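Here is a short briefing on one protein model. Look at the structure first, then read the points by topic.

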Amino acid sequence: MDGSDAGRQVEAFRRRLEAMGLDCRELPGGGSLLVRLRPRGGPLPTPDGELAVPQIVFATVGANRIKCLVPRALFHLPLLTIADCDSPGAVEARIRQAWRERQAELHKTREWLEKLGCEVTSWNDAPVAFVPVGPPENPGHFAAMEPGAVVLPAAGLLEGVPLDRPEDRIVRPDADIDSAVDLELTLSSRADALSRMDARIQQQKRLVAMSASPVTRLQKAPRHHSMLLVGRHLLGDTGLIESLRVRGYRVTAVRGAAEALRAFESHSFELIMVESELDRFEGIEMVPSIRAVPGIEELPLVLVDTQVRPELRDTARQVGAAGYVTHPIDVPLVEEGIARLVESPRRRRFSRFDYRIGVQAAGASRSEVAREISRGGMLVLTDRELAPRALQRFSLALPDGSGAIRVDAEVVYRLQTAGGELPRVGVRFERFPDNDEQRLIAFLTGLKPS
């Protein structure tokens, strides 16, 4: 199916939803709609009470399926087919049925944890089981969505540990674990190993920094694009990960869709490779979900399948996926295509925010102003000569008084302006030496795109 057929399909879906009285708008990049539904069935039941649902926001996927986005708790539901739904009430009923099924799975998870003697709680109405762990003076919690798989807490031994691979926090205890104490010992042992590993890495970085002479102007360097892999097979494919890293990509791998969206709260990736099946989810669900992330316009997403399925390849194309490959991935065979996706995306990756912010370039005698800032870069108003393709370190002064954010940015282009205005230099963010990218993303999330 070509682009025109996909466009007609989306328009037909829009007309059907609007005929039900639902509010629809097209997501950036086309291929999906963002739809708002006012539920009439009251709150949703949870293990510890009820979840108020003043409105439901979902994205369309293909010709007749939807992915719930708001409230955030509903994102944990799978892709839902609504081909036979002819009213908002029918759509709401389909969502409520999926919620009941998710609660049943959560009940099994809670039973597994309670059988071990764990104290189980909920958090922010997410259909996930949380268990307090660690000393009272520095408590943390681990989370579980299914029996036999837990996520290590960020507090305690791992507090402040910037793990390069978020999947390192996922632990699958041995089947013979039969008590809460054994489970906590397993988690503590894993956390201690990760903490010691991070300490060694930080020590090596300090030794390298001590041996290097300080510079204010960074040298020219090749662009290191940031890539996110999503799915358990990709997560465990160390050969693929290392092959991509050897080619200069900064690679992060996570197990599922929820972890992928959380990763965007602290980092802005330029390419996503996602498996076609993600436990309870389908990989193509990630296309509209990523477009709904604050500050994202459209990111190239490649669907990774276990076998060639023409119908899934066509569906991926319809919803806006940038590519379709099979696993295992032959990196030398696809590296040229990957390079084209990251170097020349079809559309703008990140939303631009027309906001003026003070910046100080390393070695510059005075501060300057940046505008049209985004997750991926900014325009700097300056009459200084900056060499193309060079890296320049900037300090961004956030208006909330929380302190400056340092970023190393690549000079991409220079625009001359008329009327005596300062030239505009476009820079692209390369890295955040103080791991402050999350602060920048949080600041941009509160702005309105230009």
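Phe429 and Phe432 are both buried (under 20% relative accessible area; exposed is over 50%, partly exposed in between, with a 1.4 Å probe and protein chains only). This is a predicted model: local features need pLDDT of at least 70, side-chain atom pairs count only at pLDDT 80 or more, and totals for chains, interfaces and linings use all residues. Residues are numbered from 1 along each chain as its sequence is written, and side-chain values use heavy atoms, with hydrogens and water left out.

**Aromatic rings**

- The structure holds 3 aromatic pairs (rings of Phe, Tyr and Trp, its six-membered ring, with centres within 6.5 Å; planes under 30 degrees apart are stacked, over 60 edge-to-face, the rest tilted).
- The planes of Tyr355 and Phe443 stand at 80°, so this pair is edge-to-face, with ring centres 5.5 Å apart.
- This pair links distant parts of the chain, 88 residues apart: Tyr355 lies in the loop between helix H9 (331-343) and strand E19 (357-361), and Phe443 lies in helix H10 (residues 437-445).
- Helices (H or I, at least four residues) and strands (E, at least two) are DSSP runs, numbered from the N terminus.
- Tyr355 is partly exposed, at 27% relative accessible area, whereas Phe443 is buried, at 14%.
- Phe429 and Phe432 also pair edge-to-face, with 5.8 Å between centres and 70° between planes.

**A charge over a ring**

- The charged end of Lys67 sits over the ring of Phe75, 4.2 Å from its centre (NZ of Lys or CZ of Arg within 6 Å of the ring centre and within 35 degrees of the ring normal).

**The largest nonpolar core**

- This core has 37 residues, and Val230, Phe264, Met286 and Ile290 touch the most other members (a core is a set of buried Ala, Val, Leu, Ile, Met, Phe, Trp, Tyr and Cys residues joined through side-chain atoms within 4.5 Å).
- Several elements each supply at least two residues of this core, among them strand E5 (56-61), strand E12 (226-230), helix H6 (257-263) and helix H8 (310-319).
- H6 gives the largest share of this core, 5 residues.
- In soluble globular proteins, nonpolar side chains tend to be buried together.
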